[in-house]
Amino acid sequence: MASHRRPKQPSRTRVTVLTTAAAAAVALSSQAANAAPSEKPSKDEVKAKVDKLYTEAEQATEKYNGAKEKQEKLQKEISTIQDNVARGQEELNELRDGLGSMASAQYRSGGIDPSLQLFLSADPDDYLDKASTLDQLSGQQVEALKKIQVKQRDLAQQRSEATEKLKDLASTRTELGKKKEEVQGKLASAQKLLNSLTAQEKAALAAEEQRATRTSEREVLSGGTTAKPASGRAAAAFAAAQSKIGTPYVYGATGPSSFDCSGLTSWAYAQAGVGIPRTSEAQTGAGTRISSMSDLQVGDLVFFFNDLHHVGLYAGNGQVLHAPRTGTVVRYESMNTIGGPFMFGVRV
């Protein structure tokens, strides 16, 4: 006779868990179905992000410029030291040869002085500290030994200095590479954002920049009769910069076919016969500081952002002539639209 068992009923707890899980799954599915797809950033949002990346890239560019300038300076200093060491070694060899000639003459005349013989076979550094040794040498030999000792010390000091500078150069090159990667990374991120825009949005951004540039040009031209240059050299520097309007911005560039911000200002003043430092931060010490915008004159250097990473030339009527950032060209722009606060000016 077959056995008939009642099927085991699920426990109340299990039923509750399954019901809750099913309800949660239904709710999530409903939310997913009703959720709006992620919205594409607007043109203005993309522009804001791109402008921020360009600002960060320019900050890194000025650090890059500083490291590059330091590298070039160290290379020149090391080359000079190495040349001096080579000449010093030649002079030392001549001094030793001269002392050797004295020894040879003594030998031919009846023997070589024991102390001089010892010198020729060993390092002479200790000789001048031994009065008994000096007493056995002629005045001429003592003078030759002194010169050799001084020359040896000079060469040792210069070689030590060259070694330290070579270490500094190696760390500077490492820093330079890191800053270059940082700049390139920021620019690549900005370009990726720009590539997300439609052709129409890109055209709209370009039109906005063109309108702003034309407005700045009109402001400069309208103030032409009242805006005075700071000096003859400032006027010459400003004229040189004006000749480069339309030239592309390239980070690390100092002209004449492309510029970054401090590259333009240093190049412009060089055309006027005035040497100023390479980086924007260093250029703040190139002259007399002007705190008030109302006291600025054409050709004055003008600095922006709290860390002073951007510089241009004052163009009059609240306008600046500068190399703004990647993707732009040397142009006039209102000082109110730079993206960072005006800090002060410098009259070179």
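Colleague: What makes Arg331 and Glu333 count as buried?

Modeller: Both Arg331 and Glu333 are buried, where buried means under 20% relative accessible area, exposed over 50% and partly exposed in between, with a 1.4 Å probe and protein chains only. This is a predicted model, in which local features need pLDDT of at least 70, side-chain atom pairs count only at pLDDT 80 or more, and totals for chains, interfaces and linings use all residues. Residues are numbered from 1 along each chain as its sequence is written, and side-chain values use heavy atoms, with hydrogens and water left out.

Colleague: Why are Arg331 and Glu333 said to meet in a salt bridge?

Modeller: The term requires a side-chain nitrogen of Lys or Arg within 4 Å of a carboxyl oxygen of Asp or Glu. For Arg331 and Glu333 the N to O value is 3.4 Å, so the pair qualifies. Arg331 and Glu333 also belong to a salt-bridge network with Glu209 and Arg325.

Colleague: How many salt bridges does this rule give?

Modeller: The count comes to 15 salt bridges.

Colleague: How do you know whether Asp260 is buried or exposed?

Modeller: Asp260 has 0% relative accessibility and therefore counts as buried. Arg278, at 13%, counts as buried too.
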